[in-house]
Amino acid sequence: MASKVTERALNLIKSMPRVALNNIKPLPHTSFTKKTDRRGNRKKKGRGDKGQGARGTWDPLGYEGGQNPLIDTSPRERYYAQYAVRRQYPPVSLLELQRLVDLNRLDTSKPIDITSICNTGLFNFDVSKNHFGVNLTDEGCDQFAAKINLEVQWTSELVIAAIEKNGGTITTRYYDPPCLAALYDPLAFFKKGQPIPKCKLPPQDALAYYSDPNFRGYLADPEQILEAREKLAQKYGYKLPDLTGDPVKEMLLMRKDPLQIFYGLEPGWIVNLKDKCVLKPKDEDYLKYYNTSY
Amino acid sequence: MTPVTYSYKSHVSLEKVYPDSNQDFLRKRDELPKAEALEKFEGFIPIDQLEITMSKSSGPGGQHVNKVNSKVEMRFHLESAEWIPAWIKPRLMKQEHGRVTKEGYFVVRSDMTRKQMLNQADCLNKLRNMIYKASELPQELTSEEIDLKEKRILKAKAGILREKRTRSLIKQNRLSPQY
């Protein structure tokens, strides 16, 4: 037998009229009242009476009636202008370099490049922060006494003089960010199993610097570099050593090709650390790709 | 060490970009001829023929200026210097007589900067400029310059004469007429 509640409910429904449009209503908030018709006072077009509001002669934004506006009270400081495009070269001084050499953290019998400096563990740079390499500064130029073959990304005339005075050589060399990431930690790069990238040529605003013999750019004419060396020796007052027959000369002349990033390794090769071998491409198209800069 | 790098040559290697250049930029070049017989001072100074001494600089600077030898003094015997043309030496002696010691040593000093290398460069720069200045000869006037000068002199003289005649008329007009 049905309960009393259900019996009562069913009896109620029996006595109620049939569900029709005249005895139901929609759920709350489903229908909205129409807007009231505002077609009444069209004369002012919603702009009110007279004044600048009606006549559209507002003062420009920031105008203070002739008084120096707030935006003009202090000068512009373009702190972040072109921040994403500007290249940064974290500094390393000649004093630090000399200290590294003295403490045997750097091997002067081999060419020193950015990888050697990073492998000492004392210098880091971050490619994601627009770091494009090392800037060698002139602090400690009077105390510098190492004969090295150095490769940096940015330097000044005094630094070049200090290094060549001691019988060494210096080159300024550009690396694009993917190559720089590989150079920063070659071991981690080789573990990826990717082919060694070919280095791109410098961007337009840097091409002049890296083609300049006065800054020992890697794209400069060797004849002009020879003349620049002699000129600098005369300017700063030291004598260039005679290296004919010197076994160190071969090491001092060692240069990477403009597309090459590691000494002794070509772009396109894969260094397999696990099987301890180097994989080299043979296909003509690959070889052409890794041999040209375009 | 084996130069393994030399085998890889891309299309932008320096041998291909500069085919006419000698890649060995550490080679020794032929020495310049003796300067004494030369007519002009070319700017070359042989560093090993100069006596260079470092000492402490003067002026403020605390511990750094007290301890570091940043001042540079260069001296050489002027008469026996083979790298200066002979005709310049007496002129240089006259021009910089204050720098020459009794023994005949020419002295140049600099403690301009904090760095000894820059001070040495400053000394050499000063020395070169002195020699260049001592070797300056009075330049002869060109024919165009002579013509221009004459023209200007004549013009000036004509102007003076005009002034004189005007003045004379003024003075004459002050006198009573003489018949």
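Domain bounds, as used here, come from an automatic or database domain assignment. The exercises below concern a predicted model.

**Exercise 1. Find the domains of chain B and state what distance separates their centres.**

Step one is to read the assignment for chain B, which gives domain 1 as residues 35–135 and domain 2 as residues 141–174. Step two is to take the centres of these two domains over C-alpha atoms, and the separation between domain 1 of chain B and domain 2 of chain B is then 51 Å.

**Exercise 2. Work out which strands E2(B) pairs with, and in what sense.**

Begin with strand E1 of chain B, residues 51–55, which is joined by five bridges to strand E2 of chain B, residues 71–77, the two running antiparallel. Within this pairing, B:Thr53 lies opposite B:Glu73 in E2(B). Continue with strand E3 of chain B, residues 105–110, which pairs with E2(B) over six bridges, again in the antiparallel sense. Here B:Arg75 is the residue that stands opposite B:Val107 in E3(B).

**Exercise 3. Describe the open sheet of chain A and name its edge strands.**

Finally, examine how strand E2 of chain A, residues 135–137, meets E4(A): the two pair in the parallel sense over two bridges, and A:Leu136 is found opposite A:Thr155 in E4(A).

**Exercise 4. Describe the contact between chain A and chain B, giving the residues on each side and the area buried.**

Start with the residues that take part, which are 52 from chain A and 37 from chain B. The size of an interface is often expressed as the accessible area lost when the parts come together. For chain A and chain B the buried area is about 4000 Å², and 59% of it is on carbon and sulfur atoms.

On the side of chain A that touches chain B, at least two residues are supplied by each of helix H6 (157–165), helix H10 (222–236), helix H11 (248–252) and helix H12 (284–291). The largest share, ten residues, comes from H10(A). Sorted by kind, the residues of this side of chain A comprise 25 nonpolar, nine polar and 18 charged.

**Exercise 5. Count the salt bridges and locate examples that cross between the chains.**

The structure holds 18 salt bridges over all chains, and between chain A and chain B the count is five. One example joins the side chains of A:Lys239 and B:Asp48, with an N to O distance of 3.2 Å. In another, the side chains of A:Asp138 and B:Lys115 meet at 3.7 Å, N to O. To place this second pair, note that A:Asp138 lies in the loop between E2 and strand E3 (149–152) of chain A, while B:Lys115 lies in the loop between E3 and helix H4 (116–134) of chain B.

Conventions. Residues numbered from 1 in each chain as written. Chains lettered and ligands numbered in written order. Predicted model: local features only at pLDDT ≥ 70, side-chain atom pairs only at ≥ 80, totals over all residues. Heavy atoms only, no water. Contact = heavy atoms within 4.5 Å. Buried area = accessible area lost by both parts, 1.4 Å probe. Salt bridge = Lys/Arg side-chain N within 4 Å of Asp/Glu carboxyl O. Helix = DSSP H or I, 4+ residues; strand = E, 2+ residues; numbered from the N terminus. Nonpolar A, V, L, I, M, F, W, Y, C, P; charged D, E, K, R; others polar. Pairing = 2+ DSSP bridges.
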